[in-house]
Amino acid sequence: MSWRALLKGDPVPWLLERRDAAVRALTLRTILDRGPRDPEVREAQQRAMATPPISTILRSQRANGEWAGPNLSQPKYHGTHWANLMLVEYGVDGTDPRVRRAARHVLEELASPGMGGMGWALESDHGVSCFTGNVVRYVSLAGYGNDERLEPLIQRLVRDSKKFDAACAINGDEPCAWGYARLLWGLAALPDPARTREVQRTLRRGIEFLLSYRVERGRYPGPFGASYLWRQLSFPLFYQADVLFVLRALDAAGALRDDRTQPAIAWLLARQDGRGRWGARAPYADRMPSKVDASKWVTLQVCTLLKHAFGESAA
């Protein structure tokens with residue numbers, strides 16, 4: 001049985017609509033397995049880079065690769081760190097000079113004495129793995145996964161996992177599911193030469209932590225209980241995590257076919273509509289530089305997961 005047999009309808013024509021070039025480009029690549037030289041992929045990727053939401057972000061980039069703000073993370077959801085994160089989520093071309101310049105600027109800032117204003121996180125004993133994991137991901141996808149300036153961030157994630165189990169003061173100094181999800185998300189993006197035994201062990205620890213709880217319930221350690229976002233479907237998210245994002249992180253780390261993911265996948269399947277689509281919200285829409293169709297992005301992400309979990313001819 002193909003993963004498509006699990007759907008109540010065919011969302012692919014909707015995902016391929018030309019008016020959403022970034023969604024179309026990713027659908028061609030991830031759902032239809034078109035290669036980078038495919039004419040339709042090349043045309044869709046070029047249009048994606050030249051139209052919102054990607055073009056809106058890149059248009060406000062400064063010559064040195066940064067975005068306006070007092071440091072990397074400010075203003076929240078608009079500054080340099082967040083712009084890099086969103087570009088990757090939108091499937092930006094990581095070889096584009098503007099994207100590489102942006103990632104290089106982050107590396108330079110984090111290696112400077114002021115740490116780009118992120119000393120409060122990186123000089124603390126442990127925690128804020130969500131920030132560090134996100135940086136490792138977008139810097140790696142821009143081609144800097146083997147850069148020596150990235151190594152302190154990788155070692156920070158390894159240490160946060162090995163010694164503190166991704167505990168974070170913001171989570172009452174308890175192991176943090178958001179942090180572990182973003183930790184996996186980052187380390188899984190490293191190129192093979194950078195995926196040392198330490199990194200591999202850290203990935204396994206993160207996988208085991210996330211799957212030692214019922215993902216669809218979200219009852220991970222912490223003083224506040226499960227976030228109201230956990231059982232919603234949202235796009236985009238920044239440092240937060242929900243059921244869908246945890247499954248995406250597990251997929252990136254090669255653990256999606258672990259039997260313990262099945263209840264969460266069933267939870268997702270139960271939320272499709274009669275057309276094989278998933279409704280979603282954009283909880284931070286008022287802070288976004290341009291509007292996106294959250295339902296279309298979430299549907300693409302769920303379909304990608306289903307394809308990876310069940311394949312084209314799964315029994």
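User: Where does Gly94 lie, and does it count as buried or exposed?
Analyst: This is a predicted model. Gly94 sits in the loop that links helix 5 (80–89) to helix 6 (97–110). Its relative accessibility is 17%, and the cut-off for buried is under 20%. Gly94 therefore counts as buried.

User: Which residues does Gly94 touch, leaving out those up to four places away in sequence?
Analyst: Gly94 and Glu174 are 80 residues apart in sequence, and their C-alpha atoms are 35 Å apart in space. The contacts of Gly94, with residues up to four places away in sequence not counted, are Val99, Arg100, Leu141 and Ala142.

User: How far apart in space are Tyr284 and Ser234, C-alpha to C-alpha?
Analyst: Tyr284 is placed in the loop between helix 13 and helix 14. In sequence, 50 residues separate Tyr284 from Ser234. In space, C-alpha to C-alpha, the two are 9.2 Å apart.

User: Is Tyr284 buried or exposed?
Analyst: Not counting residues up to four places away in sequence, Tyr284 touches Tyr77, Tyr228, Leu229, Pro236, Leu237, Phe238 and Gln240. Its relative accessibility is 10%. Tyr284 therefore counts as buried.

User: How many of the 10 residues of helix 12 are buried?
Analyst: The buried residues of helix 12 are Val243, Leu244, Phe245, Val246, Leu247, Arg248, Ala249, Leu250 and Asp251. Their cover includes helix 5, helix 10 (177–187), helix 11 (197–211), helix 13 and helix 14. Helix 12 is largely enclosed by the rest of the structure, because the buried count is 9 of the 10.

User: Which residue with a positive phi follows helix 12?
Analyst: The phi in question is near 80°. The residue is Gly254.

User: How are helix 12 and helix 13 oriented to each other?
Analyst: Their axes come within 10 Å and cross at roughly 130°. The crossing is left-handed. Helix 12 and helix 13 are therefore oblique.

User: How many nonpolar, polar and charged residues does the contact of helix 12 with helix 13 have?
Analyst: From helix 12 come Val243, Leu244 and Leu247; they meet Ala264, Ile265, Trp267 and Leu268 of helix 13. By class, this contact of helix 12 with helix 13 has no charged residues, no polar residues and 7 nonpolar residues.

User: Which helices do the buried residues of helix 13 pack against?
Analyst: Helix 13 spans residues 262–269, and its buried residues are Ala264, Ile265, Trp267, Leu268 and Leu269. They pack against helix 12 (243–252) and helix 14 (294–310).

User: How are helix 2 and helix 3 oriented to each other?
Analyst: The axes of helix 2 (residues 21–31) and helix 3 (residues 39–50) come within 8 Å. They cross at roughly 150°, and over 145 degrees counts as roughly antiparallel. Helix 2 and helix 3 are therefore roughly antiparallel.

User: Is Arg156 buried or exposed?
Analyst: Arg156 belongs to helix 9 (residues 151–164). Beyond four places in sequence, Arg156 touches Ala121, Leu122, Glu123, Ser124, Asp125, His126, Gly127 and Thr132. With a relative accessibility of 9%, Arg156 therefore counts as buried.

User: Val128 has a positive phi; is Val128 buried or exposed?
Analyst: Phi of Val128 is near 60°, and the residue is not a glycine. Val128 lies in the loop between helix 7 (119–122) and helix 8 (129–144). Its relative accessibility is 9%, so Val128 counts as buried.

User: What is the relative accessible area of Asp165?
Analyst: Asp165 lies in the loop between helix 9 and strand 1 (167–168). Its phi is positive, near 55°. Asp165 is partly exposed, and its relative accessible area is 31%.

User: What is omega for the cis peptide bond from Gln74 to Pro75?
Analyst: Pro75 is placed in the loop between helix 4 and helix 5. For the cis bond from Gln74 to Pro75, omega is near -5°.

Notes. Residues numbered from 1 in each chain as written. Predicted model: local features only at pLDDT ≥ 70, side-chain atom pairs only at ≥ 80, totals over all residues. Heavy atoms only, no water. Buried < 20%, exposed > 50% of the residue type's maximum accessible area, 1.4 Å probe, protein only. Helix = DSSP H or I, 4+ residues; strand = E, 2+ residues; numbered from the N terminus. Contact = heavy atoms within 4.5 Å. Axes fitted to C-alpha atoms, helices over the stretch in contact; angles between N-to-C directions. Parallel < 35°, antiparallel > 145°, perpendicular 65-115°, else oblique. Left-handed = near helix turned anticlockwise from the far one by under 90°. Nonpolar A, V, L, I, M, F, W, Y, C, P; charged D, E, K, R; others polar.
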